[in-house]
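Dear colleague,

Please find the structure below, with a short account of what was found in it.

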Amino acid sequence: MDQIGFLAPRPAVLARRREIVADLLDLMPPGCLVHEERELVPFETDAFVSYRRLPLAVALPETTAEVAAVLKYCHRYGVPVVPRGAGTSLAGGAIPQEDAVVLGLSKMSRILEVDYANRTATVQAGVTNLSISDAVSADGYFYAPDPSSQLACTIGGNIGMNSGGAHCLKYGVTTNNLLGVKLVLIDGTVVELGGKALDAGGLDLLGLVCGGEGQLGVVTEATVRLIARPEGARPVLFGFDSSEDAGACVADVIGAGIIPVAIEFMDKPAIEICEAFAQAGYPMDVEALLIVEVEGSDAEMDAMLGKIIEIAGRHGVRVVKESQSATEAALIWKGRKSAFGATGRIADYICMDGTVPLGQLSHVLRGTAEIVAKYGLRVANVFHAGDGNMHPLILFNANDPEDAARAEAAGNDILKLCVDAGGCLTGEHGVGVEKRDLMRHQYAEVDLAQQMAVRAAFDPQWLLNPSKVFPLEGRPAA
Amino acid sequence: MTAVHEPLSEEAAARLVQVASLSSARFVIRGGGTRSLFSPPEGTEALSTRALAGITAYNPAEMTMTARSGTPLAEIEAALAEKRQMLAFEPTDLKALTGAEGASTIGGVFATNASGPRRFVAGAARDSLLGVRFVNGCGEIVKAGGRVMKNVTGLDLAKVLAGSHGSLALVTEVTFRVLPVPETAATVVVSGLNDAEAAAAMATAMALPVEVSGAAHLPESVRGRFAGGALPGEGAATVLRLEGLAASVAVRQEKLAAELAAFGPVSVLDAETTKALWREIRDAAPYADGTARPLWRVSVAPTMGHQLVAALRLETGVDAFYDWQGGLLWLRMEADPEAALLRRYVKALGGGHATLVRARPEVLAATPVFEPQAEAVAALSAQVKASFDPSGVFVSRMVG
Ligand SMILES: Cc1cc2nc3c(=O)[nH]c(=O)nc-3n(C[C@H](O)[C@H](O)[C@H](O)COP(=O)(O)OP(=O)(O)OC[C@H]3O[C@@H](n4cnc5c(N)ncnc54)[C@H](O)[C@@H]3O)c2cc1C
């Protein structure tokens, strides 16, 4: 599959490859530059594996000063830079290009400070998402955004994509939990944005950087908000006879003013895939399943669940199954969070990420099924229903180029359906290269031009992750 | 008198700005005029959103509303209240404090990121803002964001417009998230703590799994000016708000009161008193004293708040109370705003920012009301400003 174009490599950069490698070797301690072709292969793609490009070199600096030195050098010589965390982007956000230096943050993975009195943690950008919660959980705290990839993905990547997760319905996504960053600009300048004091004085540049997809600068440190862990949490399974019923139930729960911590949705194919993988105890005789998590003391959870069960009853819920133990609760979440991995074991898939208004859930689920059927493909739906963030997983065979092209076309049609239903192309995975060429479906030319102007305010030469987010044609001259 | 333009439509506003961008006309954007931190400089004209008013969409089941920027805040809050919903960030109303007249608009609320007590746990105005339409400095009508809860499609321009104090663009329409009004609320009061003890008590409360949604400390000098002087106990009042389902507030209130008993005498306020009290805290009511004595809104790390006040007290006359677990200070100076002194201490205590929200006009004009930025950040902000408004049509004190 090779429908999506990348910028043509700059011949002047390719021609200087050896010098650039030699210079970068000088800028960092030994062992921080990868440049042998064989060793570059692990960096040629991310979790959007249909596309790959070998980078010119991979820099793995250990300090902010080294990051600054590398950027300053690349800026001076016009070398594109692709920031990279763990490379779990599903949108191709971390895929390099032939003339680019990948700037990987994996060696900067220390937790610098945990400050419970102010409820903050300050970490290096290469720290994994889960390790923050792990570091503070014994003391009764957690870091809220929890992408399913949290074991691997980094806080730098989370900031790049403004990532979400199952528990964002109540606690918000990355941008709502990020207090400050240390950011290195393309010319090597280091700036601090935000910090432990809320709502920094000037323009909210932090709000731009979060979700900036590595195009505005390289984050080397972040200060994030910690939250006291609730007394208890209980996921409950609700099984329905149809996806429509489940979708309507979600809209009614939210409409009734009830906001659980999480409302996750799975259709039958997703239930089968996840159950086979995790033996989570999901009901197998239903067409659609909601995992609703409530939290607090037992009395609080009972009160909220009572209301949800009543609403579900109005939508013909067939199965209500409460987790009876911590082990069962963990299994329920294990099944959900391994959905993508488990799907990957039975087929190749691409994961869409459109978000729609809650009232449109049923309509879009139906439309998705029709689109996928039209292309002769299969789909499994597993997603964050409470905030309308859909994840159809389109199954295909990557060894069959025609099948792959059909999957990509089906995905595009589904995303257009989401936009037309009043939603957007991507709720949490980012635009990357994957959705880049659909941006004009959501935005008018003048809207995109404004975004590109802001982007250029940070990086006038378009050196940072340049093949991503904005359609390649119609860009302003750098 | 400066000229006031009051375009009747977004298109008319865009034409005005486009013409201005080609001439030397300069605009100061005005909503209700209740949150402005300075009188328009010589040679500028006012561009008012007053005629760009009205709620254009409200979908309670999806918890979103869209309104033109000139819609009065009161109209929006009334429409929400009818469906038992609210703005999670509790927009402040500083009219009584500054003596401003007029009706605050929703555009002004977002343009100043005006967020009240719940902000430190539930986010600021910027966190509720989902989408915007605006006229940039070239007179182009642009949209950004959308109306869904999660959206990472392209750059998050809504964030940078929130809190930009009219420096980037004329926002014409906002779409924002709303939340259900909690079924009930209560306030746990601990009496007689000094500022440092209060900081410890509030940190303790925030570490508990009880979801405190307001944490303020009202020292003895101000406590009499809250709740009609009827706050229980002696001395300072440290107040912690709980909200939610009745059953759960009852349980959490007991837990919290039990934990805090170690700090001092504890009492509990009912839902009605809670509502009134937190409105007063939100609006810094004790300092609505009919004077123009300099008033600062200072944001620092929560544990630094009382240290800042203690340090200032050694050098100048200052009265203060604390919100956001101690991280938000309302500081009233006796006479001079003491901007340099204050900002030096803020910096020494780990950084933050001080905004001058009230002073005599000539003092306001002579004082940098916003926290000066580090050089590289200021340079970047100027570039961002230029990307919205290349010819500098919009005049604001936030970005030069
Ligand atoms: C199985 C699976 C499940 C997933 N589940 C979720 C989910 O539930 N929710 C969700 O939101 N996402 C999910 N994702 C997507 C992905 O994990 C997230 O986008 C994640 O935040 C990427 O982090 P990363 O460290 O891998 O970043 P990368 O993939 O390496 O990079 C992501 C982007 O951020 C930029 N970037 C990385 N580091 C920095 C930095 N230090 N400074 C500046 N820019 C930087 C990159 O240039 C790139 O544009 C999932 C992915 C997989 C494979």
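Buried area here means the accessible area (1.4 Å probe) that two parts lose on being put together, summed over both. This is a predicted model, in which local features need pLDDT of at least 70 and side-chain atom pairs count only at pLDDT 80 or more, while totals for chains, interfaces and linings use all residues. Residues are numbered from 1 along each chain as its sequence is written, chains are lettered from A and ligands numbered from 1 in the order in which they are written, and side-chain values use heavy atoms, with hydrogens and water left out.

Chain B is divided, by an automatic or database domain assignment, into domain 1 (1-181 + 370-400), domain 2 (184-282) and domain 3 (290-368). Between domain 2 and domain 3 of chain B, about 1100 Å² is buried, and carbon and sulfur atoms give 55% of this area. B:Asp195, B:Ala215 and B:Ile281 supply 30% of what domain 2 of chain B buries against domain 3 of chain B, more than any other three residues. Contact (heavy atoms within 4.5 Å) links 18 residues of domain 2 of chain B with 13 residues of domain 3 of chain B.

Turning to the ligand, a backbone N or O atom of A:Pro83 lies 2.6 Å from one of the ligand's oxygen atoms. For A:Val219, a backbone N or O atom lies 2.9 Å from a ligand nitrogen atom. Both pairs fall under polar contacts, for which the N or O atoms must be within 3.5 Å. The protein covers 95% of the 980 Å² of accessible area (Shrake-Rupley method, 1.4 Å probe) that the ligand has on its own.

Yours sincerely

Definitions and conventions
A polar contact is a pair of N or O atoms within 3.5 Å; within protein, one must be able to donate a hydrogen and the other to accept it, and residues adjacent in sequence count only if both atoms are side-chain atoms.
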